[in-house]
Amino acid sequence: MENFTMLQFFEWYYPAGGRLWNQLKNDAENLKKKGIDSVWLPPAYKAASGGYSAGYDVYDIYDLGEFDQKGTIATKYGTKQEYLDAIAAAQKARLKVYVDVVLNHMGGADEIEKVNARKVDPANRNEFISEVYEIGAYTKFTFPGRKGKYSKFIWDWQCFSGIDYDAYKEETAIFSIQNQYGEGWEDVLDDENGNYDYLMLSDIDTRNPSVREELKNWGKWYFETAKFNGFRLDAVKHMDHGFYNEWLDYMRNELKQEFFTVGEYWAFELPKLLKYIEATEGRMSLFDAPLHDNIHQASKAGKDYDLTTIFDNTLVGVNPEHAVTLVENHDTQPLQSLEQPVDAWFKPLAYALILLREAGYPCVFYADMYGSKYTDKGGDGKEHEIELPIVAELEALLYVRKNMAYGTQRDYFDHPNCIGWTREGDTDYEDSGCAVVISNSEDGYKEMEIGAGHAGKVFVDYLNKHDDEEVVITADGWAEFKVKAGSVSVWGIKK
């Protein structure tokens with residue numbers, strides 16, 4: 001089975017100006033050559049903050065950069081035609097395309113409505129802290145720029161379960177909208193803050209059957225328009241899992257497509273992820289947030305981190321077939337909402353951990369492949385200049401993953417500061433097999449078995465950390481593989 005790798009083809013601070021779709025179109029073949037097999041693209045529809053939006057403050061899911069709305073025709077990433085051309089170019093280069101689906105909330109309503117609501121305690125959303133009273137809610141979406149093209153559906157307060165602003169009193173709080181589908185929140189599996197249905201903006205109420213129907217109609221329209229291959233589902237932690245069970249079944253049955261799907265359930269507690277996978281009956285994979293947390297902690301702790309525990313309590317450790325592994329993403333990068341960056345020295349080590357082992361579907365972050373430079377305000381209210389350099393080892397790691405990291409895996413997780421593993425190789429892949437050694441402290445080495453089939457072969461470090469040093473495999477398939485301090489080495493057959 002060929003190793004596949006996903007690329008998150010954007011980062012939060014990608015510059016405005018509509019260049020991303022064209023960048024993908026121009027770079028698709030190069031990405032495939034480098035060992036990328038699928039790209040996760042950002043939300044492609046018009047958002048409340050128009051041409052400057054990363055896409056998550058969704059306004060009109062039918063506007064893929066086609067209508068003059070929110071002060072722009074194009075989105076931050078380009079026009080509808082550029083988007084469709086980029087998808088076609090990616091697929092021609094044999095890349096799968098996963099689209100970002102944001103159906104938890106909407107923003108930038110066209111009109112204020114008079115709505116009955118109750119304030120809730122932000123720390124326990126199940127507890128009301130006011131009686132019912134009228135607020136001015138931004139809940140009426142009429143999309144005047146689109147004029148009913150593709151869908152005549154009008155969103156109003158009956159389509160939403162909550163809001164965070166009363167326009168009459170100009171007050172920010174969390175309000176539960178009292179509609180005919182319930183005076184409380186939707187049932188979600190996560191009990192953080194009592195009930196974590198409400199996340200932001202106008203919270204979509206999927207208890208409303210007409211909302212569910214509209215979102216199915218939209219899903220079908222979106223596929224027939226853009227012909228993508230799968231989904232990344234935003235904020236599934238804040239939605240009724242039953243909605244996505246129904247929606248994914250509809251999409252797969254109606255359109256006769258497999259639609260690989262990965263959900264964003266951002267929690268570091270493994271039991272929560274396993275509970276969600278069980279509730280959705282394996283319909284989707286999830287990002288391995290607990291592994292990202294371990295990687296972040298390891299990068300900060302240096303030699304004080306016990307590397308033998310790096311896969312403890314992770315999704316890839318217990319349910320690898322549903323784990324999408326990652327080092328960083330647009331939410332965890334510096335100055336973002338789930339900020340938990342991985343220090344630069346540890347990134348090559350982290351990528352070796354997700355790319356060169358047999359378990360999980362790894363996702364590479366855009367900034368680690370292309371670099372990024374930006375300025376934004378931090379939690380301290382001050383401006384910070386951030387530079388995320390390209391991970392220089394990434395290209396070699398992707399090469400090894402695609403061509404060499406196959407066959408039986410033997411683990412040597414037997415020292416807190418120096419771990420390793422070997423992949424024996426596979427006859428389907430000529431000259432495959434590799435040995436990986438990681439140190440978070442001083443120079444180290446590992447005595448490891450790679451298999452008698454490699455007896456007498458000469459191995460070199462594909463990351464060039466050891467100059468021209470060579471290792472010869474013994475008759476019984478063993479060798480001593482070295483690693484530099486705070487580094488990773490990947491040993492493979494000398495070409």
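I began with the lining of the largest cavity, to which strand S4 (58-60), strand S6 (105-106) and helix H3 (209-226) each supply at least two residues; helices (H or I, at least four residues) and strands (E, at least two) are DSSP runs, numbered from the N terminus. S4 gives the most, with three residues.

I noted that this is a predicted model, in which local features need pLDDT of at least 70 and side-chain atom pairs count only at pLDDT 80 or more, while totals for chains, interfaces and linings use all residues. Residues are numbered from 1 along each chain as its sequence is written, and side-chain values use heavy atoms, with hydrogens and water left out.

I took a cavity as a set of points, on a 1 Å grid over the protein atoms alone, where a 1.4 Å probe fits but cannot get out, with lining residues having an atom within 4 Å of a point. Of the 17 residues lining the largest cavity, Tyr59, Ile61, Met106, Phe143 and Trp155 lie nearest its centre.

I then turned to the second largest cavity, whose volume is about 40 Å³ and whose lining includes Leu103, Glu186, His238 and Asp240.

Last, I looked up Ile112, which sits in strand S7 (residues 111-121) and counts as partly exposed because its relative accessibility is 38%, the class between buried (under 20% relative accessible area) and exposed (over 50%), with a 1.4 Å probe and protein chains only.

Methods. 1 Å grid on protein atoms, 1.4 Å probe; cavity = no way out; pocket = protein on both sides within 12 Å on 5 of 7 lines; lining within 4 Å. Points joined across faces, edges and corners; volume = space filled by probe spheres on them.
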